[in-house]
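Q: I am new to this structure and would like to go through it step by step. Could you show it to me, please?

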Amino acid sequence: MSETLFCYRHPQRETMLRCSRCGNPICASCAIHTPTGYRCPDCQQKLEKKFITATWHDYPLAFLITALASVPVSLLLVFLGTLTGFLGWFIAILVIPSAAAGIAEAARWVTRKRRAPWLFRLAAAGTVVGTLPAWLVALWINPFGMIYLLLYLLFATPIVYGRLAGIRLN
Ligand SMILES: [Zn+2]
Ligand SMILES: [Zn+2]
């Protein structure tokens with residue numbers, strides 16, 4: 001009944017655990033706890049590879065499209081900052097989430113919905129980098145517009161990342 005198992009990666013370590021996918025004996029420090037039981041590092045790696053579908057050109061594409069799309073949106077926000085009263089805020093609150101959603105969709109479209117954790121990070125980074133011209137314009141014509149740019153970084157970046165990664169934030 002109680003057959004002694006040894007970790008397949010640490011032959012000197014006794015264990016009671018087995019990988020729930022391949023049945024390999026695994027020690028406590030090798031076992032990865034998942035909702036469907038313990039998993040060995042090899043099976044875990046295979047599953048992660050399956051999840052990554054992006055090809056090399058998806059990475060620069062995702063970055064470029066989000067950066068390019070971010071430029072007009074952030075410039076618009078700087079000019080919104082010249083509006084007095086609540087109108088500017090109102091428009092900013094409407095514009096930021098929908099613009100972010102649009103940027104995420106554009107990234108999804110150019111990468112044909114392929115996935116990779118770094119793809120989502122680069123898309124978020126592109127969203128940030130695309131605001132650079134707007135920061136300069138804001139410095140030059142309207143420093144108040146920087147508040148809108150900060151709002152944009154704060155809300156649009158996680159929305160872009162979340163939409164691509166499949167976490168709905170808005
Ligand atoms: Zn396994
Ligand atoms: Zn081990």
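This is a predicted model: local features need pLDDT of at least 70, side-chain atom pairs count only at pLDDT 80 or more; totals for chains, interfaces and linings use all residues.

Q: Understood. Which atoms coordinate the zinc ion (ligand 2)?
A: The zinc ion (ligand 2) is held by SG of Cys7, ND1 of His10, SG of Cys27 and SG of Cys30, at 2.0 to 2.3 Å.

Q: And what geometry does that site have?
A: The site is tetrahedral, with angles of 101 to 117° among the four donor atoms. For four tetrahedral donors, the ideal angle at a metal is 109.5 degrees.

Q: What spacing do the donors follow along the chain?
A: The spacing is C-x2-H-x16-C-x2-C. Cys7 lies in the loop between β1 (5-6) and β2 (14-15), and Cys27 in the loop between β4 (25-26) and β5 (32-34), so this pair ties together parts that are 20 residues apart in sequence.

Q: Are Cys7 and Cys27 buried or exposed?
A: Both Cys7 and Cys27 are buried.

Q: Changing topic: where is Arg112 found?
A: Arg112 sits in the loop between α3 (86-110) and α4 (117-129). Its phi is near 50°, a positive value in a residue other than glycine. Arg112 is exposed, with a relative accessible area of 52%.

Q: What about the phi of Lys113?
A: Lys113 has a positive phi of about 60°, although it is not a glycine. Lys113 is also in the loop between α3 and α4. With 62% relative accessibility, Lys113 counts as exposed, because that value is over 50%.

Methods:
Residues are numbered from 1 along each chain as its sequence is written. Chains are lettered from A and ligands numbered from 1 in the order in which they are written. Side-chain values use heavy atoms; hydrogens and water are left out. Helices (H or I, at least four residues) and strands (E, at least two) are DSSP runs, numbered from the N terminus. Buried means under 20% relative accessible area, exposed over 50%, partly exposed in between (1.4 Å probe, protein chains only). Donors are N, O and S atoms within 2.8 Å of the metal (3.2 Å for Na, K and Ca); water is not among the atoms, so sites may look incomplete. Four donors count as tetrahedral if all angles lie between 85 and 135 degrees; four count as square planar and six as octahedral if opposite donors are over 155 degrees apart and all others between 65 and 115; anything else is irregular.
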